Number of protein chains: 2
Amino acid sequence: MTMCIAHYAIWDERADFLKKATAIAHGMTVGTWTELSATRKSEMEKHLGVVLDIAPLDETEYAIPNARGARVSIGYPTINFSADIPALLVTVFGKLSLDGNIRLLDITLSDAFLKQCPGAKYGIHGIRDRTGVHGRPLLMSIFKSVVGYDLQELREQFAQQAYGGVDLIKDDEILFENPLTPLEKRVAACQTVCEDMMRHHGHTVLYAANLTGKTSLLATNARRAIAAGASALLFNVFAYGLDALCELASDRSITVPLVAHPACSGAIVSSTQTGISPALLLGKLLRIAGADLVLFPSPYGSVTMPRSQTVSIAHELTTPSVHRPVFPVPSAGIHPGLVPALLKDFGGDIVINAGGGIHGHPNGTTAGAQAFRQAIDATVAGIPLHDAPYEHLQAALARWGTRT
Amino acid sequence: MTMCIAHYAIWDERADFLKKATAIAHGMTVGTWTELSATRKSEMEKHLGVVLDIAPLDETEYAIPNARGARVSIGYPTINFSADIPALLVTVFGKLSLDGNIRLLDITLSDAFLKQCPGAKYGIHGIRDRTGVHGRPLLMSIFKSVVGYDLQELREQFAQQAYGGVDLIKDDEILFENPLTPLEKRVAACQTVCEDMMRHHGHTVLYAANLTGKTSLLATNARRAIAAGASALLFNVFAYGLDALCELASDRSITVPLVAHPACSGAIVSSTQTGISPALLLGKLLRIAGADLVLFPSPYGSVTMPRSQTVSIAHELTTPSVHRPVFPVPSAGIHPGLVPALLKDFGGDIVINAGGGIHGHPNGTTAGAQAFRQAIDATVAGIPLHDAPYEHLQAALARWGTRT
């Protein structure tokens, strides 16, 4: 029997955890079990959820002071549900999500299930091929602010970033369809900068336009953006649903990398005793759903996530699997002085993503991007940042400091 | 300037809440503000988020012992985002959802935004017209267990419920497309029972078939179910996304009521210091997205939600608005002895929904449904349940007791 195995942390002051786990395994599959006849049991056994493991939480990262908890693993026969993410989530965490202090930590997916999920079209290798960047982390920048900007102002800000040598520029996730900078027009305007960069510097800049609108129009809007020149798409997947990402990733006419933004995911991952773990939601599930790059909070900035959680997300995105490895993009609070820490914590196959750490550079946006490229080059070459003879980098270090 | 106003609870031991709220209002709209020139400020002012209110949480229901918190209201100009729920959520709770202990309590929506949302096609009045039931709460029942059942077994269980006089029967939310009871075949099988009930008893029974599958196929699957005879559709909206519900509600070819199931919503609503309040997510947002009936945990069973939260959900579903009022369906742990409490807590315009409280009746499923109808009739007539001369009702009271 193939199963998907869900791993939960459950807290309860008095519960018999084996009894509770058994009630879940039976209740979320065949309903009542003990009162069935022997014949009926033998017919239904292939549908029955099974408790596979129960362990105290005491010495794990999930332990909560003074709270009694257990790590519970339950196997759900895949015969019970269709091979799509909504069916998986309803099966392992539907009604159960409402059952008090219970957190979904992980799901061990069967190969059969995994193979039905699209995974990334491009992933790390595909994006490295498209940008021609090998041997160093990529650099992504975020517009400083764009709400209320017209096309010319937007293009100017795009150019300032591009000229500094960034590899990807992404729309702000709060930039929706609007009369000043409608999707196709802003893509076309920024695309002229990308062409300039290629012609004069031989440097590829990808532009991830924000994919918005009604669910049923996402694929159409994606094709419109691509036809206008978008070379990537930013997608607020948690405002739509993981399956909407699966659909985009499965669509052969969508021929650019998909950048998954974690907007709204804090509502699910930020609690400690409810919701879903970041490694599962932002890591494993986004990867199987088809994200090529995944943004998540870095452990350095003011919007922080503990280092262990961010490292777990990156691990899920890159560990060997039936799907392509995809780029971890630890974001928020990133400045050039953090580049060595980023490489130490996440390795070299990442995208370094900055907003304020580029635009806030004392010498301006272009210098800010250059400072990052210099920090990346120095770190990859094994040169301590303070010893790297680059003016813009040193100005950035003077502004923001370093972290080792 | 029209605005949507988001209301948050924020906890922070040291923060200056006005400063923090201002940073949110600016950061989630125009980005930097104070350093702009006077000319630029006058151009950008219509896009600027505004702090409208800050109050201590001390004496509210959101107060947490020993935690310092504030209720913060921020206005977001509607000019900044398109009139759809994903754009709304990303605007008011995108990045912000990841910003520590912050919970989205409510959103005051502009009329312009509300009018772009579909709301229910049928709602309370439309469903009362379809069932011909006026002057009493409706009764809904849930299959006991169906995973692993074949068509004949499923039809038999459906019939046992229908014969007891229930008004709606819903699929189990964990019943997905499967070879034993595929969508169109199970709808057709159960529909023959509905026709029997109409022919012999003049009683309408609606069947809410579980709408599953890939996001892009939901509308097609809905039409298939309706063509086969489904008179309602159950939808695991939080496994897909609120906008997927908007699409179904906006689709004129989907001509049956939509029953929203709260599966997976616990991952968002169950924490106290993060996520989204149940009144907003399961109440206001499901109503504007177009649910005709909304299931949520009752305050009586083992999967409980505090009474005040459940009453707030029901209030959001029924309070006067530009959209039709829709049916609150407090669910889980419901037995006939709770009918007076249900009417006292939620009023008469509800759907009473039971599973174990019907199938677990000492005289069987049909008697269990009859006991509920008897409890409803007695309560509406002002007769105390223990004084009502109905055998099945008295057996139910002996089994489960009452609650006043």
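## Close-ups of a predicted two-chain model

View 1. Turn chain A by 180 degrees, shift it 0.0 Å along the axis, and it lands on chain B with an RMSD of 0.0 Å. For bookkeeping, residues are numbered from 1 along each chain as its sequence is written, chains are lettered from A and ligands numbered from 1 in the order in which they are written, and side-chain values use heavy atoms, with hydrogens and water left out.

**View 2. The area between chain A and chain B.** Chain A puts 60 residues into the contact, and chain B puts in 60 residues. About 4900 Å² is buried between the chains, with carbon and sulfur atoms giving 59% of that; buried area here is the accessible area (1.4 Å probe) that two parts lose on being put together, summed over both. On the chain A side, A:V90, A:L98 and A:F176 lose the most area to chain B, together 14% of what that side buries.

View 3. Among the elements that give two or more residues to the chain A side are helix 2 (38-44), helix 3 (85-93) and helix 10 (242-250) of chain A. Helix 3 of chain A gives the most, with 6 residues. Helices (H or I, at least four residues) and strands (E, at least two) are DSSP runs, numbered from the N terminus.

View 4. The whole structure has 0 disulfides over all chains, taking a disulfide as a pair of cysteine sulfur atoms within 2.5 Å. For A:C264, the nearest cysteine sulfur belongs to B:C246 and is 14 Å away. A:C264 counts as buried at 10% relative accessibility; the classes are buried under 20% relative accessible area, exposed over 50%, and partly exposed in between (1.4 Å probe, protein chains only). The sulfur of B:C194 has its closest cysteine sulfur in B:C190, at 7.1 Å, which is too far for a bond. B:C194 is also buried, at 6%.

**View 5. B:S110 and its neighbours.** B:S110 sits in the loop between strand 4 (102-108) and helix 4 (111-116) of chain B. With a relative accessible area of 8%, B:S110 is buried. Leaving out residues up to four places away in sequence, B:S110 touches B:T2, B:M3, B:C4 and B:T78.

View 6. A:A332 has phi near 90 degrees, a positive value in a residue other than glycine. Look for A:A332 in the loop between strand 11 (327-331) and helix 14 (339-346) of chain A, where A:A332 is partly exposed at 34%. B:N66 isn't a glycine either, yet has a positive phi of about 65 degrees. B:N66 lies in the loop between strand 2 (50-56) and strand 3 (69-77) of chain B, and is exposed with a relative accessible area of 80%.

Key: Predicted model: local features only at pLDDT ≥ 70, side-chain atom pairs only at ≥ 80, totals over all residues. Least-squares fit on C-alpha atoms with pLDDT ≥ 70 in both. Contact = heavy atoms within 4.5 Å.
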